Amino acid sequence: MNLAHVLLEIWLARFDILFGLGLTILVSFTAIVAGTILGISVGVALTYGAWPVRFIARVYVDILRGTPVLVLILASFYIPSVAHINLNALEAGIIALTLFCGSHVGEVIRGALQSIPKGQMEAAKSIGLTFRKTFVYVLMPQAIRQAIPTWTNAAVEIAKATTLLSIIGVPELILTTQQIIGRTFLSLPFYLMIAILYFLIDFAIERAGRYIDMRVSAAQGTVP
Amino acid sequence: MSSVLQIKNLHKRFGQLEVLKGIDLDVAPGEVVSIIGSSGSGKTTLLRCINLLEEFEQGEILIDGKAIGYRMRDGRRIREREAVVAKHRAMTGMAFQSFNLFPHMTALRNVMLGPMKVLNLSREEAEVLAEKWLDRVGLLERKHHHPSQLSGGQQQRVAIARAIAMNPKLMLFDEVTSALDPELVAEVLNTIRNLAESGMTMVLVTHEMRFAHDVSSRIVFMNQGQIEEQGPPSELFYNSRSQRLSEFLGRTAFKR
């Protein structure tokens, strides 16, 4: 195995790798954004919902969090087809990861909202704010500040979990790489390369989380 | 003159425990009423009922002659919708023992929030109003500070400005100096004294007997969920009729 040969094979596989990388980023991004929106609603339902709403949200969160991601991915790939809903592997994968992300973010938001002192709500009420306005201007800004570090962890977990989509045939970075290795037999260099790529994705999310945390803290006058 | 606040036969219970057992109280415009009594006598609960932070089972509270929080429908007493309750709450301002400033906003933004989001003033109008009240409590130069950068006394003064900027018909003060270091108490009491002298109608729950004596037009002594005795400070502090009030005053540091 000489270096020139390895570099040549990497060069030949460049479009495949970029495609896989692009798909990994796309799936991660979609699942994190959609999962965060879902998670915020779930967190609000868990904290302030009437009991039936709270109960449904609680069941959702507990089931999703108590199930391995791989099982969720397989379930969302195979179960809908039983009901004659045809999802392709990519759609099924994004749905599974979104639901998974939503359950984690839901718990994060619930924790953050519940940690806000009761006096905040009372002070807002006493100046005549409705619940909706209290939530928007008083509670959520404080909860977000509180939730960002844990949210970042959840986002990194989702990015890592995209690797599991290779099992149902989504040609993301892992599957693409395995196909290249099947063709070239250069397992070590290619695995090393994607290990670096995954590290860079997670590192970028981590930095993005820190950056948002810093900006929010500065705006709210709190030291991160 | 008609009363700003009228409380009629107010009852409030927490489960089995009845904390307010039929309170009747009228407060005239410009009056400063201090409620005193030992802890557990229901003073704070009464104040929280007036601000609709607690629900109550029986009786009525009227602000400017208008019943708040509940209305009658088909002979049954029902709680008003949340938006209506919010409107009713805006008629009274409240300052809390623990300040409860919004930590993610500057002093100025804390005071501006209500005028902008409840009174629907423009940002510019709200800012002018907020600066006026921050100036009144002596904190205009601190307007861009966050609560964490202010002392307890300063936080409480911002909280008072925040409540008053809503132009309430009645101000409620719930043990506003209890959480403060002794050397910070005076600045807050002076702020309240200034407001009292400007004609603001207010009801205070306080443990500062000397202050209550000096600032109030009337003292209300509560005991076990009832008003035991009330009257002008001179009468209540020096010629108390009830044995319990005498005992209570004896336990406090009030020097006759």
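**Ground rules**

I number residues from 1 along each chain as its sequence is written, and I letter chains from A and number ligands from 1 in the order in which they are written. The model is predicted, so local features need pLDDT of at least 70 and side-chain atom pairs count only at pLDDT 80 or more, while totals for chains, interfaces and linings use all residues.

**Entry 1: chain A as a whole**

I began with the elements of chain A. I take helices (H or I, at least four residues) and strands (E, at least two) as DSSP runs, numbered from the N terminus. Chain A has nine helices and zero strands. From the N terminus on, I read α-α-α-α-α-α-α-α-α.

Next I looked up the box. Along the principal axes, the C-alpha atoms of chain A fill roughly 75 × 45 × 20 Å.

Then I checked burial. I call a residue buried if 20 or more other C-beta atoms lie within 10 Å of its own, exposed if 12 or fewer, and partly exposed in between, with C-beta atoms placed from the backbone. Of the 224 residues in chain A, 37% are buried.

I also looked at contacts (C-beta atoms, placed from the backbone, within 7 Å). I took those in chain A between residues at least 6 apart in sequence: 79% of them join residues at least 24 apart.

**Entry 2: helix α3 of chain A**

Which residues of α3(A) are buried? I found Ala57(A), Val61(A) and Leu64(A). Down the axis of α3(A), these buried residues fall within an arc of 75°, so they line one face of the helix. The arc is that of the directions from the helix axis to the C-beta atoms. An α-helix has 3.6 residues a turn, so residues three or four places apart point the same way.

What covers the buried residues of α3(A)? The cover includes α2 (14–48) and α5 (89–114) of chain A. On the face turned away from the buried side, I noted the exposed residues Trp51(A), Pro52(A), Val59(A), Asp62(A) and Ile63(A).

Most residues other than glycine have a negative phi. I noted two residues with a positive one.

Phe185(A) has phi near 60°. It sits in the loop between α8 (173–184) and α9 (187–220) of chain A. Phe185(A) counts as exposed because it has 10 C-beta neighbours inside 10 Å.

Asn167(B) has phi near 50°. Its place is the loop between α5 (152–164) and β9 of chain B. Asn167(B) counts as partly exposed because it has 14 C-beta neighbours inside 10 Å.

**Entry 3: the four-stranded sheet of chain B**

I count two strands as paired if DSSP finds at least two bridges between them. One open sheet of four strands in chain B has the order β2-β1-β4-β5, with antiparallel pairing. β2 and β5 (66–67) of chain B each have a single partner strand, so one side of each is left without a neighbour in the sheet.

I went through the pairs. Eight bridges join β1(B), residues 5–14, to β2(B), residues 17–27. There His11(B) stands opposite Lys21(B). Their hairpin has two residues between the strands, and Gly15(B) takes a positive phi near 60° in it.

β1(B) also pairs with β4(B), residues 58–63, over five bridges. Ile7(B) stands opposite Ile61(B) there. β4(B) and β5(B) pair over two bridges, with Ile63(B) opposite Lys66(B).

**Entry 4: the six-stranded sheet of chain B**

An open sheet of six strands in chain B runs β8-β9-β10-β3-β11-β12, with mixed pairing. Its edge strands are β8 (92–95) and β12 (226–231), each pairing on one side only. β8(B) and β9(B), residues 170–174, are parallel over four bridges. Gly93(B) has Met171(B) as its bridge partner in β9(B).

**Entry 5: where the chains meet**

How many residues of chain A are in contact with chain B? I found 20, against 25 residues of chain B. On the side of chain A that touches chain B, α6 (118–126) and α7 (131–161) are the elements giving two or more residues. α7(A) gives the most, with seven residues.

Conventions
Two residues are in contact if their C-beta atoms, placed from the backbone, lie within 7 Å.
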